[in-house]
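Colleague: Could you walk me through this model while I have it open? I'll jump around a bit.

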Amino acid sequence: MLSWWPTGLLRQNRGRVPKEIEMSLRHRVFLHFIWGAVAIAWSAAAECQALKTLQHVTQSPTAPNPTFGAPAPIPEPGEIFRDCPDCSEMVVVPAGEFKMGSGETAYEKPEHRVVIANPFAIGRREITFEEWDLCVAAGGCKYRPDDHGWGRGSRPVVDVSWDDAKAFVNWLSQKTQKGYRLPSEAEWEYAARAGTNSQFWWGRPPVNGNANCEDCSSTPPRRTLPTGSFRPNGFGLFDVAGNVAEWVEDCWNDSYRGAPTDGSAWTTGQCRQRGLRGGSFASKANVIRSAARFRYDQDVRYYANGFRVARDLK
């Protein structure tokens, strides 16, 4: 039964090795075989158990994954981020309060205190043709606006209605699985002011060298400029004065009487018309003030109207 044992040496030395030593050697060989078999079996069992444990961890929906499983941290105020490589660059605006409106026109009255209870993210720049064209290519936006010969790329998209802007934010939300939207009018003014209470975020006139508008320089370009052509405001936002007028979420109301004071969008009023903020390259300087506001039909496109996006951080 054990004839395959390595006993050739014993046979060669039979007669010269005492029988007791021969039996002892056989006994040692037998024990060596048994312990070897036990070691192999134990090693195989341990490896099998390790594989089962690994399989359980990787397949378990509740198993922690230190690299990919942890939720992404919520960005801090002042932080700049993107939700995808070709997504809009966002900046986190801190919570706070401010005095919204002014006494300069009836539309901007009455001045009122607004509290922004939670930080939120808003686009550092107006949405560009490059970003819009990605939406068109993906089928999320059905309309491809003309650039009027000014160029596409990093210039702000123009000739888009409020309805068009809503289609874009819906597409961006689906693409990133984040809740993109248009900013409320209060959020827009709060972000544009960046802690200031002056006419413009940089203070009072002159406006030359700070914005793109009809009388912002002696030789106005009378067209859009690439986003970020001027220095940003205190929150890091570009072009909140001039370049293109920006759609906000709110329905239009002729004054601030009864307006929300918590930073939310005003969803009652003349809802076939929506608010626009910031003025454009075609506006006079008094229309690009932080408090200036005007309106347009939500389904009408205009060559000086564009938008920027916002989203909650939760």
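Colleague: Let's begin with E214; where is it found?

Modeller: E214 is found in the loop between helix 5 and strand 7, where helices (H or I, at least four residues) and strands (E, at least two) are DSSP runs numbered from the N terminus. This is a predicted model, in which local features need pLDDT of at least 70 and side-chain atom pairs count only at pLDDT 80 or more, while totals for chains, interfaces and linings use all residues. Residues are numbered from 1 along each chain as its sequence is written, and side-chain values use heavy atoms, with hydrogens and water left out.

Colleague: And which residues is E214 in contact with, leaving aside its neighbours within four places in sequence?

Modeller: With those neighbours set aside, E214 is in contact (heavy atoms within 4.5 Å) with P220, R222, F281, A282, S283 and K284. The C-alpha atoms of E214 and S283 are separated by 5.4 Å, although the two residues are 69 residues apart along the chain.

Colleague: What else lies in that loop between helix 5 and strand 7?

Modeller: A194 lies there, and its phi is near 50°, a positive value in a residue other than glycine. P206 is also found in the loop between helix 5 and strand 7 (245-252), and a cis peptide bond with omega of about 15° joins P205 and P206.

Colleague: Where does P110 sit, and what is the peptide bond from K109 like?

Modeller: The bond from K109 to P110 is cis, with omega near -10°, and P110 is found in the loop between strand 3 (96-100) and strand 4 (112-116).

Colleague: Switching to sheets: in what order do the five strands of the open sheet run?

Modeller: The order is 1-2-5-11-6, with antiparallel pairing; two strands pair if DSSP finds at least two bridges between them. Strand 1 (80-81) and strand 6 (180-181) are the edge strands, each pairing on one side only. Strand 5 (residues 120-123) and strand 11 (residues 310-311) run antiparallel and are joined by two bridges, and the bridge partner of I122 in strand 11 is A310.

Colleague: What about the open sheet of four strands?

Modeller: That one has the order 9-8-7-10 and mixed pairing. Strand 9 (293-297) and strand 10 (305-306) stand at the edges with a single partner strand each, so one side of each is left without a neighbour in the sheet. Strand 7 pairs with strand 10 in the parallel sense over two bridges, and E246 has G306 as its bridge partner in strand 10.

Colleague: Which strands does helix 5 lie across?

Modeller: Helix 5 (residues 185-193) lies across strand 2 (90-93), strand 5 and strand 6, running at about 75° to strand 5. Helix 5 also lies across strand 7, strand 8 and strand 9, at about 140° to strand 7. For these angles, axes are lines fitted to C-alpha atoms, for helices over the stretch in contact, and the values run from 0 to 180 degrees between N-to-C directions.

Colleague: How many salt bridges does the count come to?

Modeller: There are 19 salt bridges, each being a side-chain nitrogen of Lys or Arg within 4 Å of a carboxyl oxygen of Asp or Glu. R124 forms one with E89, the closest N and O atoms being 3.5 Å apart. R124 lies in the loop between strand 5 and helix 3 (129-138) and E89 in the loop between strand 1 and strand 2, so the pair ties together parts that are 35 residues apart in sequence.
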